[in-house]
Amino acid sequence: MNNARGLYLDGIRDGRAREALDRYTGDRYTQHSTGVADGKEGFLAFFEPFLARNPRRDIEVVRAIEDGQYVFLHVAQTLGGVTHWVTADLFDTDDNARIVEHWDTIAPGGLISPSGHTQTDGATEVADLDRTEENKQKVSRFIATVLQDGQFERAAEFISQESYVQHSPEVADGIDGFTAFVAELTAEGKRLTYTKVHRLIGQGNFVVTLSEVDQAGTPMAVFDIFRLQDGVIVEHWDVAETVPSPTEANNSGKF
């Protein structure tokens, strides 16, 4: 986990990109971030001009979880004191914990949900380590049953009916907020269909998925972050990004 944090904070926030790459990455660096080519040179070709364009960079790692070789970071960024972004980053590491592969999504930040939550506030403490696998299975079944098969009437089997805190900017709290959002999208012909879960990791009460999603014909890459308590989902964050066409990508693609 320290290497992932180090690449982000030392390399991007503090502007020491080349030194951070040498310190925190492994023999290869396969890149899935839009616009960034593979390898150390691809990273530098993107971020050295980025650092020059954005001399003021406020970056906070809000959440971090670790599952074996994988590390996930939920990050809030402000550039120049005015432009806000939220990113979700997943890192694969080698046997020496050095980074060898990276996936991400990035979305405009500074937005507030209908219930008054920001995109990154809320619980951060990792707990219930003994329930990691149980919680991963619960989220896997939720996505398969509700988000893939469309059995939205079964959402209460997976989401708390007592307290469900929602940080997605367009969705209100509670299971009613979730079902109302789904109904609105369906009525507008914009329903989200989860076509494939590419990665699912978890640590204790937190589970994170990277999914391929179709929104009315537009391909999306979506990171969902779930917090569970007593076997049900009680809090949710997401970061979504449109998938570029193969001709627009500088690497092998988002997934």
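The largest pocket in this predicted model has a volume of about 760 Å³. A pocket here is an open set of points on a 1 Å grid over the protein atoms alone, with protein on both sides within 12 Å along at least five of seven lines; its volume is the space filled by probe spheres set on the points, which are joined across faces, edges and corners. Of its 33 lining residues (those with an atom within 4 Å of a point), Ser168, Glu170, Phe181, Leu192 and Asp238 are the closest to the centre. Two or more lining residues come from each of β5, α4, α5 (174-187), β7 (192-203), β8 (206-215), β9 and β10. The biggest giver is α5, with five residues. Helices (H or I, at least four residues) and strands (E, at least two) are DSSP runs, numbered from the N terminus.

A quick word on the ground rules: residues are numbered from 1 along each chain as its sequence is written. Local features need pLDDT of at least 70 and side-chain atom pairs count only at pLDDT 80 or more, while totals for chains, interfaces and linings use all residues; side-chain values use heavy atoms, with hydrogens and water left out.

Now for the strands. Five of them make an open sheet with mixed pairing, in the order β1-β5-β4-β3-β2; two strands pair if DSSP finds at least two bridges between them. At the edges sit β1 (25-31) and β2 (57-67), each pairing on one side only. On average, neighbouring strands of this sheet are turned by 25° against each other, direction ignored. Helix α2 (residues 17-24) packs on the sheet and touches β1 and β5, its direction making about 115° with that of β1. Helix α3 (residues 39-53) lies across β1, β2 and β3 (70-79), and runs at about 70° to β1. Such angles run from 0 to 180 degrees between N-to-C directions, with axes fitted to C-alpha atoms, for helices over the stretch in contact. Within the sheet, β4 (residues 83-93) and β5 (residues 99-108) run antiparallel and are joined by nine bridges; threonine 93 faces isoleucine 99 in β5.

The loop between β1 and α3 holds serine 33. Serine 33 counts as buried because its relative accessible area is 10% (buried means under 20%, exposed over 50%, partly exposed in between, with a 1.4 Å probe and protein chains only). Leaving out residues up to four places away in sequence, serine 33 touches His102, Asp104, Asn251 and Lys254, where contact means heavy atoms within 4.5 Å.

Aspartate 224 stands opposite aspartate 238 in β10. The two strands form a hairpin with two residues between them, and aspartate 230 in the turn has a positive phi of about 55°. Strand β10 (residues 232-242) also pairs with β6 (residues 165-166), this time in the parallel sense over two bridges; valine 165 has glutamate 235 as its bridge partner.

Asparagine 135 belongs to helix α4 (residues 132-148). With 2% relative accessibility, asparagine 135 is buried. Beyond its neighbours within four places in sequence, asparagine 135 is in contact with Gly204, Asn205, Val207 and Leu228.

Notes:
On a 1 Å grid over the protein atoms alone, a cavity is a set of points where a 1.4 Å probe fits but cannot get out, and a pocket is an open set with protein on both sides within 12 Å along at least five of seven lines; lining residues have an atom within 4 Å of a point.
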